[in-house]
Number of protein chains: 4
Amino acid sequence: MSTTTPTARIFSSDNAAGTSPEIIEAVARAASGHAMPYGADDSTAAVRRRLGDIFECEVDVLLVSTGSAANALSLAALTPPWGSVLCHRDSHINNDECGAPEFYTAGAKLVPLGGDDAKIDPRELRAAGRHKAGDVHSVEPSVVSVTQATETGAVYTLDEIRTLGSIAEDAGLRLHMDGARFAGAVASLGRTPAELTWRAGVDLLSFGATKNGTMTADAIVVFDRSLTAELAFRAKRAGQLASKMRFHAAQLDAYLTDDLWLHNATHANAMAARLQEGLKGIPEVGLLGAADANILFCRLPQQVTEGLLADGYAFYHDRWEPGVVRFVTSFATTPQDVDHLLQAVSRHAA
Amino acid sequence: MSTTTPTARIFSSDNAAGTSPEIIEAVARAASGHAMPYGADDSTAAVRRRLGDIFECEVDVLLVSTGSAANALSLAALTPPWGSVLCHRDSHINNDECGAPEFYTAGAKLVPLGGDDAKIDPRELRAAGRHKAGDVHSVEPSVVSVTQATETGAVYTLDEIRTLGSIAEDAGLRLHMDGARFAGAVASLGRTPAELTWRAGVDLLSFGATKNGTMTADAIVVFDRSLTAELAFRAKRAGQLASKMRFHAAQLDAYLTDDLWLHNATHANAMAARLQEGLKGIPEVGLLGAADANILFCRLPQQVTEGLLADGYAFYHDRWEPGVVRFVTSFATTPQDVDHLLQAVSRHAA
Amino acid sequence: MSTTTPTARIFSSDNAAGTSPEIIEAVARAASGHAMPYGADDSTAAVRRRLGDIFECEVDVLLVSTGSAANALSLAALTPPWGSVLCHRDSHINNDECGAPEFYTAGAKLVPLGGDDAKIDPRELRAAGRHKAGDVHSVEPSVVSVTQATETGAVYTLDEIRTLGSIAEDAGLRLHMDGARFAGAVASLGRTPAELTWRAGVDLLSFGATKNGTMTADAIVVFDRSLTAELAFRAKRAGQLASKMRFHAAQLDAYLTDDLWLHNATHANAMAARLQEGLKGIPEVGLLGAADANILFCRLPQQVTEGLLADGYAFYHDRWEPGVVRFVTSFATTPQDVDHLLQAVSRHAA
Amino acid sequence: MSTTTPTARIFSSDNAAGTSPEIIEAVARAASGHAMPYGADDSTAAVRRRLGDIFECEVDVLLVSTGSAANALSLAALTPPWGSVLCHRDSHINNDECGAPEFYTAGAKLVPLGGDDAKIDPRELRAAGRHKAGDVHSVEPSVVSVTQATETGAVYTLDEIRTLGSIAEDAGLRLHMDGARFAGAVASLGRTPAELTWRAGVDLLSFGATKNGTMTADAIVVFDRSLTAELAFRAKRAGQLASKMRFHAAQLDAYLTDDLWLHNATHANAMAARLQEGLKGIPEVGLLGAADANILFCRLPQQVTEGLLADGYAFYHDRWEPGVVRFVTSFATTPQDVDHLLQAVSRHAA
C-alpha cells in the first residue's frame, strides 16, 4: 500500500494517519542549530510548562517514543514485581503490547476485569482490589489501569472515573490512565483535563499523542511527582531517554500549541459521528455500542465487507465476532473520505 | 542554552547537533497521506533494501528510537539471562546506559575487559571467553560487544576486528558491534561495511544513526537472520515498535540515500582532524590518544578550560582525569566553528 | 498450634503432615561423613537412576526445595519471556505462587483457561494455543501446564492427558505437568508413570514429593533432556542448587525406595475415600465434585463448620463459595483421624 | 566418592561436611505430628525468638534453603533494579552465584571493588559510593555487601566493619552482610553478634548456617524490619517459602540452642589453626594471608599437591595461581583428620 493515497481508505487505525503540518514545521525548526541533549533543551521545558497549564497543576513530564513505553513505564513505577495490575480484559495493555507491562514491571500480573464497552465494572474492581491483599501466596493488588477512551470507542464519564478513583483510593491502589485517545475523550466530554485525571485520583497519565497527530513521540504526565526520579532512571534503562530529545519535544510543543491536540481530536470525533450518522441510513448495517470518540463498531453483511476490501479499504473485521467490523477515524480523515466510504457501503449493500 | 546559536559552541557530544536537511525533507514528505503501521510501509522496506545493498548481503532490520535500545535489544538476543557480556570497561553499555543491557537481558552480567584506546585487549578476551565456561556456579561467557569507533575516538582496524571475531568464534561466543559511530569508523578506515561486520563475524550491529544525522531513529542490522523473529517480539515488548514506523524509516531512508551517512561522517572526522591540526600548533595543549574519528582528547591548562567555559563553550572536562578535556565534532560542525574554538584556545593559552 | 497433636485435626492441607519414618532414617544416615557438594554425591545419582526406572526411560533430575520452585523453573525453560503459559484458571501456578512463574520466566503471561473439576477444557486449549500465534503484538502461546491431580482433587484420565498432549503437539506448544499430587494420580488411575507423562507428551514434570512424605525436597523430572543444561544454570541462579544436596537426595531416595511414594499416596487416597463414604451417610452434608485423590469438597451447614472449628479442626471453608468446605487427607492421616472427624460432623449436624 | 569415609579427606569446602547430631535429632522430632505450614508453626517462632536474643534486639527472620537465596533476596530488598551493589571483586555474590543477585534484583549491577584479603578497601568504597549518584545515565549506588568472614578466610575487625558502615551511611547506601561464615567470624573476634551487625549499620544479614552444621536451611536476619513485608513476598515468589517450614526451623532451632552454632565454628576455626600450626613446621610449605577463621591458603610444591590428590584428598588448587592451595575445615573435621593431612604433606614434601 502506498504511503500516500489520493483518497484515504485506511480505517483500520488512527495510527495510519500522518502528522499535522504544524508539527512538521516545528520539527523542521528544531533541526538546525545545536541543543543540549537528553531533555536539557528549551523545547522540553516548554512542553512541561504547557502540560502544567493544561492540567492546572505542577507536573513532571517524560517524553517517550511510543504509547506502549508510556504505559509500561508508568505501570512499573506503580506496582512492585509481586503486584497486580487491575485492568479491563479488553485493554491494550492486556492484549496488544506483547507483555510490555510484564517486562517493565519485572513480572507483575495483569488481572483482567469485565465490564461493558471495555469499561471496568466498579463492582469487579471493588472485589479484585481487596482479593487476597496482604497474602504472600498471591500477587498483591497494586494499581488500576483505565483506558480513556476505551478500546471500543466508549468514553468514561467524569462520574465513572471518579467512582473508579474512589474505589482505588479506598483499597490503597494507585491509578494509571492509558490515554492513548485521551484527547478524544476530553473533546467528547467537555470536561477539563484536570477533572478527568488528577482530581479524580490519577497518578500517572499516558498522554497519548501519536494516534492524534504526532509522529513518534508520546508523554507520561506525572501528577504524583514523588515518582519522577524513579521514572527517569527507568526510562533511561529502557532505552527511552532520547539523546536528541528536542525532536520529541518539538512534536509535543506544537501539538499542545493553540489547542491543536483538541482540534485534532474534535475533528476525528466528528468524522466518526458523520460516519455513524451515514451508516444509520443504511438498513443493512447494524450499529454496535457507544461511539463516543473516533472508533465505531458495526455489523456488516459479508458482501459489504468483501466489497470494501476489494475496493482497497483497510479495516478490522471478523476479529471480535463474525460480521463485526471496526472503523477508526483520525485527525487526517476528511469528510470526503467518510462520504466515499458511506457510498461504498451503500453500493455493496444494495 | 538556546536551541540555535549563531556560532555553535557545543563540543560536548555529537548528539548536540540537529539533523541533516535531507532528513527533515524526507520526514516532511512522509507526513501526509496514510500508511500501514508497525513497519508494514514502503519506507521501512526501502531501508531494509538499502542496508542490504550497503552490507552486500540479505539483512533484516529493526528500527528503534535510541542507540541504547539498539544495544540492549541486540544483547538480549545474544545471551541468556545467566550469560555474560564481554565488553571494554570504558564501553557505553557498561557505563552510560543505566543498566539497560541488564534490564533487557533479564540480568546478564557485563564483564569489563581492559585494553588501550578503549579497544578490547585480545588476550583478555581469550581468557574471559573461556573463564568457567559450562560451570553453573558462574555466569556463562556468551557474547562479545565491541564499540566501533570506541569511546575515546579510536577505530578498530580491520585486522583488530577480525582478531576479536576469530577469538569469539573459537570460544563459541556471539559478536555484537555497538556502531554508535560506525559511519565514522567506515569513513576513517576506507574498508567496506561488509568487511568490518559480518565478514569478521558480527551477528548484530547497532547501526548508530542518531549521532551522525538522524533525529530519533536508529537501526539494528541483523546479519544472523535466525534472530529476527525473537528480536521482533523483544522490540514490541520493549515499547520499541513504533506505530508510525514510517517516520523512523523516512529518517533512515534519507540518511542512507546518496551516501549521506558517509558524507556526514567524513565531514565530522575532517572537523576533528582540523581541530587536531590546529591544536598541534598551540604548545600549551597536549594531544592524547588516537583521534581516528570525530572525538579528540587533549590536556588543557586550567586557565584555558575556564576561559572556554566562560566563553560559553560546552565540553566534558576533568571527568577522566584532572586537566583532560574531550571535544566531539559532528556533521553539523563547520570549519568556522573549529577555527573559532582554536582561536579561543590560543587566546586563553597566551 | 502444637507441632504434635494426639489426634490430628488438621485437614487444611497435606502439607500439614510431617514426613515418613523411612525418610528421616535416610536423612540421619546421610548426616555423618563427608560428601561432594552440589549434587556430585552418591544419593543424588541414585535418585536419578530410580526415577529412570520408574519412568522407564533415561531422565535427568533436578532436586529443589519447593514445588513452587519446581514449577517456576520448569516453565522458565519452556517459554520465552514473551510467551504465554496456558493453564487452568484455578491452577496453583495461577493463584497461589505470588507470581513465581512470572518472576522465573522474566515476565511471561499466564493465560487462564476454563474447564470442569479444574481440568483444562480441550476446546479452550485448542483455541488458546493458536490465538495470535506469531503476532508480535501479543504474547506467543508457548507452553501448557496441567496439574495432576487438580486443585479440586480430580484426576485427569490417561485419555484426557493424551488429548491435551496431542493438542499441544499440534500447536507447537511444550507440555509441563505440575505433579504436586502426581503420586495420588498414579495411585488412583492404575496407569504407569510413563504413560501419564512423557508417552503423552510431557516435557518436564514437577514430581511433587513434599505433600506426600518428604520434608523439604522436590524434583523436576526432565524428559526432554535438551533442557537439562539450561535448567542447571537457572536452578543455581535461583538459589536452588543446594550445597549439601545429599540431604535433598536422601529424602527422595527413601521416598522412591520400595514404592514408598505409591504406598503413601494410596493411603492418602484411601483416607479421602473413607471420609467420602462416611459423609455420604450424613444427610446434612452435600458432596461436591470428583474426589479421585486425597482432596474432597463438600457443602456443610454453617453450624457444622462452626462446630468443627470450635473443636480445633483446621480446614478451608467459605473460600470458594459460602458453605463449601475442603478436606485434605495425607499419608499421615489415620483411619481414627477420619472417624473422629466423621463423628464430629455427625454430632454437629444433629 | 562415598558419602561416608573412615578418615575424612575432603578439605575442599565446609559444605562437604554432614550435619550436627543435635540437628538431626531435632528434625526427627519434627517429623511426626501435624503442624501449620508456611512458617506458622512453633519452631519457626522459636527461631525468631532465639535470634532476637542472640542479636539483642527485635528481629524478623526468613528461613530459606540456601545461602545464595539469602543473599539474593536480601540484595533485592536493598536495591532498585537500576541500582548497583558495591562488593569485593572476590566475593561469592560476584563470582559464584551464577548471577543470582542480578536475577533477584531484576538486573542491578554488581560493582567490584578491591582490597586486601578480600576485604573492601574503604577508600574504594568511598569513591564508588558517590560515583555518578543521581545521574540517570549510570546505575545508582545503592547497597554495600560485605562478606564476613571473607572468601580468603580473613575476618573484618569490628573497626573495619564500623568504618564501612559509616561510609555507607554517609553515602546513603544500605548495608548487607553475607555471613556465610558469620559464626566463624564471631568465634574469631570475641565480639557480640549485635556489635558486628546492626550496631555497625547492617540492615540485613545472611546468617550462614549451612556451612557450619545445618543441612539445607539458612536464614535472613532482618534488622531493618520495614523490609520484612517485601521480603516475604519476594521469598514466596522465589519458591523459597517452604510449606513444611518446620523442617527448616527445626534445623535452625537446634543450631542456635546451647550455642551449638558457636561451638561448631570455634571447633572449625581451631582445626584450621591446628593445620596452620602444623604446616608452619614443614619448610616446603608457604603460608599465605590471614587464616582468621576456617579457611587457609598456602603454597605447596607440585609433588605435594599431586601426592595428596593421589591419596584421595579433595581441595582446590591452582585456581587462584599456580601452586596455591586452599584448605577448608569444618565443625566435622577431627584433630585426626588434620594430623593425617599434615603427615601426608610432610611425607610428600620429603
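Predicted model: local features only at pLDDT ≥ 70, side-chain atom pairs only at ≥ 80, totals over all residues.
Mentor: A:Arg48, A:Glu58, A:Asp60 and A:Arg225 are joined in a network of salt bridges.

Trainee: How many salt bridges turn up over all chains?

Mentor: A search of the whole structure gives 72.

Trainee: Why is the link between A:Arg174 and A:Asp203 called a salt bridge?

Mentor: Compare the value with the cut-off. The nitrogen and the carboxyl oxygen have to be within 4 Å, and the closest N and O atoms of A:Arg174 and A:Asp203 are 3.2 Å apart. A:Arg174 sits in strand β5 of chain A, and A:Asp203 is in the loop between α9 and β6 of chain A, so the pair ties together parts 29 residues apart in sequence.

Trainee: What makes A:Asp203 buried or exposed?

Mentor: Buried means under 20% relative accessible area. A:Asp203 has 14%, so buried it is. A:Arg174 comes out at 25%, so we call it partly exposed.

Trainee: What about B:Arg174 and B:Asp203?

Mentor: Their side chains meet in a salt bridge too, at 3.2 Å from N to O. B:Arg174 is in strand β5 of chain B and B:Asp203 in the loop between α9 and β6 of chain B, 29 residues apart. With 24%, B:Arg174 is partly exposed, while B:Asp203, with 13%, is buried.

Trainee: And in chain C, which parts does the pair of C:Asp60 and C:Arg48 tie together?

Mentor: These two side chains form a salt bridge of 3.2 Å, N to O. C:Asp60 lies in strand β1 of chain C and C:Arg48 in helix α2 of chain C, so parts 12 residues apart in sequence are tied together. C:Asp60 has a relative accessible area of 12%, which is under the 20% cut-off, so it is buried. C:Arg48, at 31%, is partly exposed.

Trainee: Now a helix. How do you know that the length of α14 of chain B agrees with what it should span?

Mentor: Do the check: its 15 residues, at 1.5 Å a residue, should span 21 Å, and the end C-alpha atoms are 21 Å apart, so the two agree.

Trainee: Which residues of α14(B) are buried?

Mentor: Among them are B:Val338, B:Leu341, B:Leu342 and B:Val345.

Trainee: What covers them?

Mentor: The cover for the buried residues of α14(B) includes α12, α13 and β11 of chain B.

How values were computed
Residues numbered from 1 in each chain as written. Chains lettered and ligands numbered in written order. Heavy atoms only, no water. Helix = DSSP H or I, 4+ residues; strand = E, 2+ residues; numbered from the N terminus. Expected span 1.5 Å × (residues − 1). Buried < 20%, exposed > 50% of the residue type's maximum accessible area, 1.4 Å probe, protein only. Contact = heavy atoms within 4.5 Å.
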